[in-house]
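Thanks for coming, everyone. Please look at the model on the screen, and I will walk you through the parts I picked.

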Amino acid sequence: MAATSETIPYWQLISLSHTDGVGNPLADVVASVAFFLLLRWAEHQDRQEEAFADFENFEFTPKIPRRLGWRRILDVFDNHSRYESELSRTFERQALADEIVPELCNIGGNPLADTIAQAAYCYDARKLSWNLLQKTFDFANSLEIETAKGREEASAIFDVLVEEAVGKTRYSGQFFTPQPIARLMAEIANPKAGESVYDPCFGLGGLLETAGDFILDDAESLSTGSYSSTVNNTLHGVELSPQAFLVGLTRLILTGFNQPRLRLGDALEQDFYNTRQFDIVLAAPPIGAKIKDSWRYRQYPLKTSSSENLFLQHI
């Protein structure tokens, strides 16, 4: 079902987060929507492969175990709607937070499962009341992501939700680059299909998402095989905040990058890309922040506790 202004307004989610006592709408509410959207997307990917396997008479094994995927999430909220009681709320919330999400953290063996495992690691359902869990689920379930047009619309709606949450969340600006600035930076860099783009502190993914728009436009003339290979090996990034990572990952996937090369961690101290060179670096590192444990970054020639100086040396 495509989202409309009559389904679940984004502002209602943010307002409910305040009345429910959620101190960080961005980290909790938007991250919850992101998690549910990724599970829906993974289910769609699995269904496409299953349909192809049936057509070719191949044996099919789901990339995401059925007992942990979107259909299981549907059961969680469907059970509550049938047996609406405080006991059912508690039981289903525990099933989600203490069983499904932890088990998803341990799946892997293929790119789709690895992506969902990353998402699950960044998600904590215990931070939300049952009411907010239900609302974030409903919001994610109301968006159409099974078609290219639907996914484009869902991406635009999710971006609005992110911007609204940023405006209502203290200190969230450190993870967010305003769209006009992101657009200007991408226009100057002008990334093309086949070029690699790296952001060592991608936050909510705004710079990578905008760069991705340029790359997708340039890749339209490519063949199907070349298009997929080009798109899946283009965007690279690292982010320290688990909730920001989850939101940024979701934005890139909704934009059309099914396998963005993203990692959770500290780009300054880990050697994710020490031996890798990129065509373009787009970044808006935190300005003015002081690193308390600067001894961890002894690999840089200039010893400093200034975050922007460390990122410049990393780049």
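A search of the whole structure finds ten aromatic pairs. A pair here is two rings of Phe, Tyr or Trp (its six-membered ring) with centres within 6.5 Å; planes under 30 degrees apart count as stacked, over 60 as edge-to-face, the rest as tilted. Take F77 and F137. Their ring centres are 4.1 Å apart and their planes sit at 10°, so this pair is stacked. F77 lies in helix α3 (residues 70–82) and F137 in helix α6 (residues 130–142), so the pair ties together parts 60 residues apart in sequence. Buried or exposed? F77 is buried, at 3% relative accessibility. F137 is buried too, at 6%. Buried means under 20% relative accessible area, exposed over 50%, partly exposed in between (1.4 Å probe, protein chains only).

This is a predicted model: local features need pLDDT of at least 70, side-chain atom pairs count only at pLDDT 80 or more, and totals for chains, interfaces and linings use all residues. Residues are numbered from 1 along each chain as its sequence is written, and side-chain values use heavy atoms, leaving out hydrogens and water.

Back to the rings. F77 and F137 belong to one aromatic cluster with F35, F36, W70, Y123 and W130.

Now the sheet. Four strands form an open sheet in the order β3-β2-β1-β4, with parallel pairing. The edge strands, β3 (261–264) and β4 (280–281), each pair on one side only. Helices (H or I, at least four residues) and strands (E, at least two) are DSSP runs, numbered from the N terminus. Two strands pair if DSSP finds at least two bridges between them. Strand β1 (residues 197–199) pairs with β4 over two bridges. What stands opposite Y198 in β4? V281 does. Y198 is buried, with a relative accessible area of 4%.

Last, the largest pocket. Its volume is about 780 Å³. A pocket is an open set of points on a 1 Å grid over the protein atoms alone, where a 1.4 Å probe fits, with protein on both sides within 12 Å along at least five of seven lines; lining residues have an atom within 4 Å of a point. The volume is the space filled by probe spheres set on the points. The lining has 30 residues, and R151, L216, L254, T255 and G256 lie nearest the centre. Which helix gives the most to the lining? Helix α7, with eight residues.
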